[in-house]
Amino acid sequence: MGGSGHRATVRALLDRHGRTYAEEAAIRLGDTPQPLYQLLVLAHLLSARIRAATAVAAARALFDAGLRDARRMRDATWRQRVAALGEGGYRRYDERTATQLGKAAELVLDRYGGDLRRLREKAGGDPDAVGALLQEVPGIGPAGAAIFLREVQGVWPDCAPYLDGKALDGAERLGLPADPGELAALVGRAELPALAAALVRAALDRSVADSVPGVDGVAADTGGRDSRR
C-alpha cells in the first residue's frame with residue numbers, strides 16, 4: 001500500500017472511528033485547568049482493565065456529580081466519589097479508585113495549584129518528562145500517562161506527534177506505517193488525537209480494522225501485548 005492508499009485508509013478510519021475518548025466523555029478539551037484535569041481523571045479510569053465505554057461513563061458521572069476540578073474532587077467525600085463511579089457502572093474498582101482520585105486531586109493541588117499546565121512547564125514540554133511527572137500522580141501508571149499524552153497532543157503541540165506502542169499496534173493491524181512520523185504525516189496536526197484514538201480502537205478490537213475498506217485483515221495479531229488503552 002502506497003502513500004495515497006495509506007491516506008485513504010486513514011481517512012476511512014477517521015470517518016468511522018475518529019472520535020477522541022475526551023469527546024466521548026463530553027470533555028471540551030482546551031489548554032485550561034478544568035478540562036486538563038478532567039482528561040487526567042479520564043486517563044486514570046481508562047487505564048484500568050475495564051471496558052472503555054464503562055470508563056467513559058464513569059468519568060461523565062463524576063463530572064455530572066460536580067467533581068469537575070481538582071478542588072471539588074479532593075473536597076468530595078470518599079462515599080460521594082464511590083457513588084458517582086457506581087452510577088457510571090465502574091463497580092469493580094470503585095473503592096480503590098475513589099481513594100486514588102482523592103489522593104491524586106490533592107497532589108495536583110499541592111504541586112501544581114490544580115493547573116496541569118504547570119506540570120507541562122516543569123517538564124519543559126518534553127513528552128517523556130510529562131509522562132514521568134504524570135506517573136507521580138496516584139493511580140496514573142504508564143498506560144494512564146500514554147492515554148493522557150495521546151489525547152492532550154492537540155492542545156499541547158510540543159507533545160506531538162504522540163503515537164505510542166498501542167497506537168502503532170493498531171497501525172500495524174491496518175497495514176499502515178508503524179512509525180509515528182510517517183503516520184503523523186498522513187493527517188493534519190489537529191487530527192492527531194483522533195487518529196491516535198482510532199488506532200488504539202483498531203488495536204483493541206479487530207472488528208474496527210475489519211470495518212475499514214481496503215483492510216484485508218492480514219495484519220499482525222497484537223493480542224499478546226498489553227491490552228490496556
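**Inside the core**

Leu 199 touches Leu 13, Leu 163, Lys 166, Ala 167, Gly 170, Ala 171, Leu 174, Leu 176 and Leu 183, leaving aside residues up to four places away in sequence; contact means heavy atoms within 4.5 Å. This is a predicted model, where local features need pLDDT of at least 70 and side-chain atom pairs count only at pLDDT 80 or more, while totals for chains, interfaces and linings use all residues. Residues are numbered from 1 along each chain as its sequence is written, and side-chain values use heavy atoms, without hydrogens and water.

Leu 199 and Leu 62 have the most contacts inside the largest nonpolar core, which has 84 residues. Such a core is a set of buried Ala, Val, Leu, Ile, Met, Phe, Trp, Tyr and Cys residues joined through side-chain atoms within 4.5 Å; buried means under 20% relative accessible area and exposed over 50%, with partly exposed in between (1.4 Å probe, protein chains only).

Now look at helix 10 (residues 142–152): 10 of its 11 residues are buried, so it is largely enclosed by the rest of the structure. Helices here are DSSP runs (H or I, at least four residues), numbered from the N terminus. Among the elements covering the buried residues of helix 10 are helix 11 (165–173) and helix 13 (192–204).

For a contrasting spot, find Ala 190 in the loop between helix 12 (180–184) and helix 13. At 74% relative accessibility, Ala 190 counts as exposed. Its C-alpha atom is separated by 21 Å from that of Val 212, 22 residues apart along the chain.

Note on methods. Helices (H or I, at least four residues) and strands (E, at least two) are DSSP runs, numbered from the N terminus.
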